[in-house]
Amino acid sequence: MKKPIHQIDYLDKTHQNKKLIKLFQLIFDYVLEKLDKKGDFELSLSLVNAKEQQELNNKYRQINRPTDVLTFPYEQNNTDVIIDLGSIIICPEIAKKQAKEYDHPFERELAFLFIHGLLHIFGYDHIKEDEAKVMYELQNSLLNNLPYDFYTDMTKLKKELNKAQNMSIAKYSHFRVGAVVVTKDFKYHLGFNIENASYPATVCAERVALFSTYAQGYKKEDIVALGCITDSKHIGTCCGVCRQVMSELMPMHAPVYIYSANFKEMLRTTVSELLPFAFTPEDLNK
Ligand SMILES: [Zn+2]
C-alpha cells in the first residue's frame with residue numbers, strides 16, 4: 001500500500017528555527033493517525049507576527065486583537081484528490097508569552113497550538129462545556145503522548161549518565177548502572193545501583209534516582225524523562241521492580257532512554273511500554 005500524503009504548505013514569516021517544520025510534520029502525522037484519518041491530506045500552516053495576526057483576526061472574526069492561533073477549515077467534497085484541510089495561522093510572539101505563563105518550553109506551546117488548530121479543523125470545539133471537555137482531554141492526551149521530548153538535552157543526559165554510572169557502588173556484581181531523572185525545570189537527578197553484602201538490600205539505579213528526585217520535593221507531574229546506562233553490551237532494560245515503581249512515580253507517557261555500555265546503542269521507550277497492565281493504586285480497591 002502506498003504511503004498516504006500528509007503535506008504541509010509551510011510559510012514562516014517570522015524566521016523561527018528551520019527545524020520547527022520537522023516538529024510540525026511529526027505532529028501532523030501523529031494527529032492524523034490518532035484521529036484515524038485515512039487518505040491524502042494537505043494543510044497550510046503559517047507563522048505570522050502579532051500585527052498581522054491581529055489584522056486577520058479583525059478581518060475574519062471581527063475581534064481587533066492578536067490571538068495565538070487562527071483556524072480556517074476548508075470544506076471540500078471531492079475525495080479522489082488530496083483533501084485540502086484548510087489553514088492554521090500561529091503567532092509565535094504570543095506563543096512565547098504563553099509558554100512563559102504556563103511554564104513550559106516554547107516548542108511545546110507551539111505544538112499545543114498546532115494540535116488545538118488541527119482539532120478545530122476536524123470539527124472539535126470548546127464553546128459548549130461538554131464539547132470543550134472532550135476537546136481539551138483529547139488535546140492534552142495528544143500533546144502528552146507525542147513521540148517528541150521537549151525537555152531532554154541528549155548530550156547533557158549522556159554526560160550526566162556517565163557521571164552517575166561512575167558513582168555506582170557495585171562491589172559484588174561489578175555491574176555498574178547509572179540512571180538520571182529529568183524534571184520540568186531542566187534539572188538532572190542522578191542515581192546508581194547501590195549494592196549490599198545482604199544482597200536483597202541492594203537498590204537499583206532507577207529507583208535511587210527517582211527516590212532522590214522525590215526527596216527534593218518533586219512530584220510525579222514534574223518528571224519528564226528517565227535515562228539509564230548499564231555495563232551490558234546489549235540494551236539492558238529496567239528490572240521488574242523498577243518498572244513497577246516507575247509506573248507509580250512517573251507519568252506513564254514519559255520517555256525512557258536505555259543505553260548499552262559506552263552509549264553504543266540506545267532504546268527509546270516509555271513507562272507504559274515497559275509495563276503494560278501495571279498494577280496501580282486503583283487496583284487496591286476491593
Ligand atoms: Zn531495578
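The structure is a predicted model, in which local features need pLDDT of at least 70 and side-chain atom pairs count only at pLDDT 80 or more, while totals for chains, interfaces and linings use all residues. Residues are numbered from 1 along each chain as its sequence is written.

The axes of helix 1 (residues 20-34) and helix 4 come within 10 Å and cross at roughly 40 degrees, the axes being lines fitted to C-alpha atoms over the stretch in contact, with angles running from 0 to 180 degrees between N-to-C directions. Helix 1 and helix 4 are therefore oblique to each other, and their crossing is right-handed, the near helix being turned clockwise from the far one by less than a right angle. On the side of helix 1, L23, F24, I27 and V31 meet E107, A111, F114, I115 and L118 of helix 4, where contact requires C-beta atoms, placed from the backbone, to lie within 7 Å. By class, this contact comprises 8 nonpolar, no polar and 1 charged residues.

Helix 4 (residues 106-121) also crosses helix 5 (residues 129-145), at roughly 135 degrees, with the two axes coming within 10 Å. That angle makes helix 4 oblique to helix 5, and the crossing of this pair is right-handed. Helix 4 contributes A111, F112, I115, H116 and L119 to the contact, and helix 5 contributes M135, L138, Q139, L142 and L143.

Technical notes. Helices (H or I, at least four residues) and strands (E, at least two) are DSSP runs, numbered from the N terminus. Angles under 35 degrees count as roughly parallel, over 145 as roughly antiparallel, 65 to 115 as roughly perpendicular and the rest as oblique. Two residues are in contact if their C-beta atoms, placed from the backbone, lie within 7 Å. Ala, Val, Leu, Ile, Met, Phe, Trp, Tyr, Cys and Pro count as nonpolar, Asp, Glu, Lys and Arg as charged, and the others, Gly among them, as polar.
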